Amino acid sequence: ANFAYRTLIYQGFAKNSIRYLSSDTHLDLDENGILDDVAGDATNTNLQNAIVTWAADAESLVVYLVDHGGSGSFRMSAKETLSATQLSAWLDDLQSKITGKVIVVYDACESGSFIAALKPPAGKDRIVISSTSPGESAYFVTQGSVSFSNYFWTHVFNGASIKDAFELTKEASGYTTAYQHPLLDANGNGAANEPEDLTLIQNAYIGNGTLIRGSAPVIAEVSPAQTVNNSSALLYASGVTDTDGIARVWAVIRPPDYNQNASSSPVQNL
């Protein structure tokens, strides 16, 4: 969430146009020496107020949710859950007042269960992105470095369109886990990943789309697929370069008998 905040700032969002809700209120994300970046605690009331009242005069709105999730629910805090029905009603209320689009990015277990529930009212423009399909766990491996959120917001930070950010993130997620399948609905019919969905967002951006060329690391070659018959195997990545230098290279390894557990909590270790 902190990285998403910094990404929005870098991509042209003014500080007063971001409403950051978190139980960790002692954050100085813009390093101005003042703890004024978090607007309030993560509660249903504060989120409802942010969407329905605070954003009522906005041109458009981006909503980003990240934490635990369940079927049709988001864990707002230790004491509260937010239902997909509640969020849909608040977004519908807002879009009865504004003409611009609403973008929802949701990263949690079973976040895909929100896709059908967040269909917009007729004639309204809404993009809904989830990190998983229904029934799937969300992965936050190596302190979240390997996660839908980190991949997605990195591409947005680098100036990619929503289409490119989603497709690259979807591809990266498949390499990492093979158990997590992100979804996107842009035509508002509640069905995800249709050809029309991607066509509609090919020129859509979160922020001003400031492009940073050559900022992502390049991996020229990785070890090929192989069957391991003995107790060891060589894994490698070669030709790894970046204009800022390389701090580390790592692999995420799944045991041969790995199975995705119930989607009651995110996967943090592999």
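**Ground rules**

I am looking at a predicted model, in which local features need pLDDT of at least 70, side-chain atom pairs count only at pLDDT 80 or more, and totals for chains, interfaces and linings use all residues. Residues are numbered from 1 along each chain as its sequence is written, and side-chain values use heavy atoms, with hydrogens and water left out.

**Entry: α1 and α4**

I began with helix α1 (residues 2-10) and helix α4 (residues 148-157), whose axes come within 9 Å and cross at roughly 15°. Helices (H or I, at least four residues) and strands (E, at least two) are DSSP runs, numbered from the N terminus. Axes are lines fitted to C-alpha atoms, for helices over the stretch in contact, and angles run from 0 to 180 degrees between N-to-C directions. That angle makes α1 roughly parallel to α4 (the term covers angles under 35 degrees). I noted the crossing of α1 and α4 as left-handed; that is, the near helix is turned anticlockwise from the far one by less than a right angle, whereas clockwise would be right-handed.

Which residues of α1 and α4 meet? From α1 I listed Phe-3, Ala-4, Thr-7, Leu-8 and Tyr-10, and from α4 Asn-150, Trp-153, Thr-154, Val-156 and Phe-157 (contact means heavy atoms within 4.5 Å). By class, this contact of α1 with α4 has seven nonpolar, three polar and no charged residues. Here Ala, Val, Leu, Ile, Met, Phe, Trp, Tyr, Cys and Pro count as nonpolar, Asp, Glu, Lys and Arg as charged, and the others, Gly among them, as polar.

**Entry: α2 and α3**

Next I turned to helix α2 (residues 44-54) and α3, which pack at an angle of about 25° with their axes 8 Å apart. α2 and α3 are therefore roughly parallel to each other, and their crossing is right-handed. On the α2 side I found Asn-44, Leu-47, Gln-48, Ile-51 and Val-52; on the α3 side, Gln-86, Leu-87, Trp-90, Leu-91, Asp-93 and Leu-94. The classes in the contact of α2 with α3 are seven nonpolar, three polar and one charged.

**Entry: aromatic rings**

How many aromatic pairs does a search of the whole structure find? I got nine, counting rings of Phe, Tyr and Trp (its six-membered ring) whose centres lie within 6.5 Å; planes under 30 degrees apart are stacked, over 60 edge-to-face and the rest tilted. Tyr-179 and Tyr-258 form an edge-to-face pair, 5.3 Å centre to centre with 75° between the planes. This pair links distant parts of the chain, 79 residues apart: Tyr-179 is in the loop between α5 (162-176) and β11 (183-185), and Tyr-258 in the segment after β13 (237-241). Tyr-258 is buried at 16% relative accessible area, while Tyr-179 counts as partly exposed at 25% (buried is under 20%, exposed over 50%, partly exposed in between, with a 1.4 Å probe and protein chains only). I also saw that ring pairs join Tyr-64, Phe-148, Phe-152 and Trp-153 into a cluster.

**Entry: single residues**

Is Gln-11 buried or exposed? With a relative accessible area of 1%, Gln-11 is buried, and its place is in the loop between α1 and β1 (20-21). Among the residues Gln-11 touches are Val-156, Phe-157 and Ile-206.

Gln-143 is not a glycine, yet has a positive phi of about 55°. I placed Gln-143 in the loop between β9 (140-141) and β10 (146-147), where Gln-143 is exposed at 77%.

Terms used: Angles under 35 degrees count as roughly parallel, over 145 as roughly antiparallel, 65 to 115 as roughly perpendicular and the rest as oblique. Lists of a residue's contacts leave out its neighbours within four places in sequence.
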